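Hi everyone, thanks for making time this morning. I'd like to walk you through one structure, so let me put it up on the screen.

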Amino acid sequence: MKNGHLTDEMIQEFIWSSENPDLSARAHMLTCEHCKTRAENYQLLFTEIEQLSKPAFNFDLSKLVLNQVMEQNPVASLNADPLLATIPAIEKLNGPRRKNIWPGIIITLMTIGLIGTPVYLFLDSIQDIISEVSTMVTYLIIMTVVLIAAFLVFDEYRKYNHQINSLDI
Amino acid sequence: MNHISENNESDRRLVKSVLSGDTQAFGKIIKNTEGLVAQIVFKLVENREDRRDLAQDVYLKVFANLSGFKFQSKLSTWIAQIAYNTCISQLQKKKLSLTDLFQGENEGIEYSDNHHPASADPEIETMVFQKQQAAILKIEIEKLPPLFKTLITLFHNEQLSYEEIGIITGLPTGTLRSYLFRARKMLKTNLLLRYKKEEL
C-alpha cells in the first residue's frame with residue numbers, strides 16, 4: 001500500500017493471481033475508484049495484447065522438416081511407403097539400435113599396443129627409474145594423474161548432462 | 001471428458017502414430033504446434049535465416065526424441081520447451097547470455113512505483129490505452145527485452161498458465177511472476193512515455 005493506494009504489483013496480483021486473492025487488496029478495490037481505474041487500464045491493455053495477430057513462418061515448415069528427415073536417410077526417401085519410411089529415419093536420428101562395436105575395439109587394441117610395446121621393451125629401464133624415485137614422489141605422480149583423469153571425466157559428464165538438460169526430455 | 005484429457009488423448013494418438021511410422025502424423029504435430037514455436041522463435045531470435053534453421057532444428061529434435069516423451073505435460077508444452085532451449089543455446093553460441101535478454105531499448109528508465117511518466121492520473125492511462133493501436137502496441141512489445149516479450153506473449157497472447165510457462169522456460173513460479181510483473185510495468189511505462197513524447 002502506497003499513499004493509501006495499492007502498488008502496481010498488488011494491482012497486477014489482484015488481476016492475474018486468482019488462486020491466492022489478497023483480501024485487503026480486494027476490499028480496497030471495492031472502495032477506491034483510483035485503483036479500480038488503474039486495474040481496468042491494465043486489463044484494457046492486456047485484452048488488446050490477447051487480440052494481437054500471431055507471427056507465422058513464411059515457409060512450409062512441415063514440408064521442410066519432413067524432407068530433411070527423409071534426406072538424412074536415403075533409404076527412407078526411396079521407400080515408396082511413407083509409413084515404413086519413417087522407421088529407418090527415426091533410427092537414423094536416434095542412432096542405430098545395434099551399434100558397430102568394431103571401430104571401438106580396434107582403437108582400444110591399437111592404444112594398448114602403442115602404450116604396451118614401449119613399456120614391454122623398456123621395462124627394465126622403467127623399473128630402474130621407479131626404484132630410484134622415492135615412494136612419496138611415485139604416489140604424488142599417481143595421485144596427480146588420477147586427479148586429472150577424474151577431473152576430465154567429471155567435465156565430460158557435466159557437458160553431457162548440460163546437453164541432455166538443454167533438451168529437457 | 002475435460003479439455004485437458006482430450007488434448008492428452010489426441011497427443012497420445014499422434015505420438016503413437018508417428019512412432020509406428022506415420023509421417024503424416026508428424027506433419028500434423030508440426031501444424032498443431034508451429035504457432036507456439038513461432039512465437040518463441042520470433043521473440044528470442046531476430047535474424048530471419050536463424051529463425052528458419054532453428055525452427056527446423058527444433059522439430060528434428062522433437063522427431064528424434066519423441067519416443068522419450070513421457071506425457072507429463074502437453075505435447076505442445078514439451079515442444080515449446082525444446083524450442084525455448086534451442087533458442088537459448090543459439091544465443092549462447094552467439095555469446096549472448098541470459099542477462100542480455102533483460103536489456104531492452106529503454107534500458108536506463110527507472111520502472112519503480114514512484115516513476116509514472118505522464119500519469120499520476122489513471123485517467124490519462126485510460127485515454128492512452130483506449131486509443132492504443134495494435135501496430136503501436138506490437139512495436140512497444142518488440143522493444144521489450146527478449147525474455148520479457150516472450151513471457152508477455154506466452155501469458156497474454158498464447159494464454160498459457162504460469163505452470164506451463166514455468167515448464168517451457170525452466171523458471172520457478174516466483175521468478176516467473178516477478179519477471180511478468182516487471183515486463184507488464186515496463187510495457188505500460190513505455191506506452192505512456194511514447195504518448196508523452198508524441199504530445200510534446
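Read along the sequence, chain B follows the pattern α-α-α-α-α-α-α-α-α, which comes to nine helices and zero strands. Please keep in mind that this is a predicted model. Chain A also comes to nine helices and zero strands, and from the N terminus its elements run α-α-α-α-α-α-α-α-α.

Now put the numbers for each chain next to those patterns. In chain A, buried residues make up 13% of the 169 residues. In chain B, buried residues make up 38% of the 200 residues. Then look at contacts between residues at least 6 apart in sequence: in chain A, 28% of them join residues at least 24 apart. For chain B, the corresponding share is 75%.

H3(B) covers residues 48–65. At 1.5 Å a residue, its 18 residues should span 26 Å, and the end C-alpha atoms are 26 Å apart, which agrees. Which residues of H3(B) are buried? They are Arg51(B), Leu54(B), Ala55(B), Val58(B), Tyr59(B), Val62(B) and Phe63(B). As you look at that list, remember that an α-helix has 3.6 residues a turn, so residues three or four places apart point the same way.

H4(B) covers residues 75–93. With 19 residues, H4(B) reaches 27 Å from its first C-alpha to its last, close to the 27 Å expected at 1.5 Å a residue. Of those 19 residues, 14 are buried, so H4(B) is largely enclosed by the rest of the structure.

One of the partners of H4(B) is H2(B): their axes come within 9 Å and cross at roughly 35°. H2(B) passes H4(B) in a right-handed crossing. On the H2(B) side, the contact is made by Ile29(B), Asn32(B), Thr33(B), Leu36(B), Val37(B), Ile40(B), Val41(B) and Leu44(B). H4(B) brings Leu75(B), Ser76(B), Ile79(B), Ala80(B), Ala83(B), Tyr84(B), Cys87(B) and Leu91(B). How do these residues divide into nonpolar, polar and charged? There are 13 nonpolar, three polar and no charged.

H2(B), residues 23–44, also packs against H7(B), residues 146–157, at an angle of about 155°, with their axes 8 Å apart. The two helices are therefore roughly antiparallel to each other. Here, too, H2(B) makes a right-handed crossing as it passes H7(B). From H2(B), the contact uses Gln39(B), Ile40(B), Lys43(B) and Leu44(B). From H7(B) come Pro146(B), Lys149(B), Thr150(B), Thr153(B), Leu154(B) and Asn157(B). This set divides into four nonpolar, four polar and two charged.

Last, a stop at two loops. Most residues other than glycine have a negative phi. Phe71(B), however, has a positive phi of about 60° although it is not a glycine. Phe71(B) is in the loop between H3 and H4 of chain B. Is Phe71(B) buried or exposed? Phe71(B) is exposed, because 11 other C-beta atoms lie within 10 Å, and 12 or fewer counts as exposed.

Gln159(B) also has a positive phi of about 60°, and Gln159(B) is not a glycine either. You'll find Gln159(B) in the loop between H7 and H8 (162–169) of chain B. Gln159(B) is exposed, with 9 other C-beta atoms within 10 Å.

Technical notes:
Residues numbered from 1 in each chain as written. Chains lettered and ligands numbered in written order. Predicted model: local features only at pLDDT ≥ 70, side-chain atom pairs only at ≥ 80, totals over all residues. Axes fitted to C-alpha atoms, helices over the stretch in contact; angles between N-to-C directions. Helix = DSSP H or I, 4+ residues; strand = E, 2+ residues; numbered from the N terminus. Parallel < 35°, antiparallel > 145°, perpendicular 65-115°, else oblique. Left-handed = near helix turned anticlockwise from the far one by under 90°. Contact = placed C-beta atoms within 7 Å. Nonpolar A, V, L, I, M, F, W, Y, C, P; charged D, E, K, R; others polar. Buried ≥ 20, exposed ≤ 12 C-beta atoms within 10 Å, placed from the backbone. Expected span 1.5 Å × (residues − 1).
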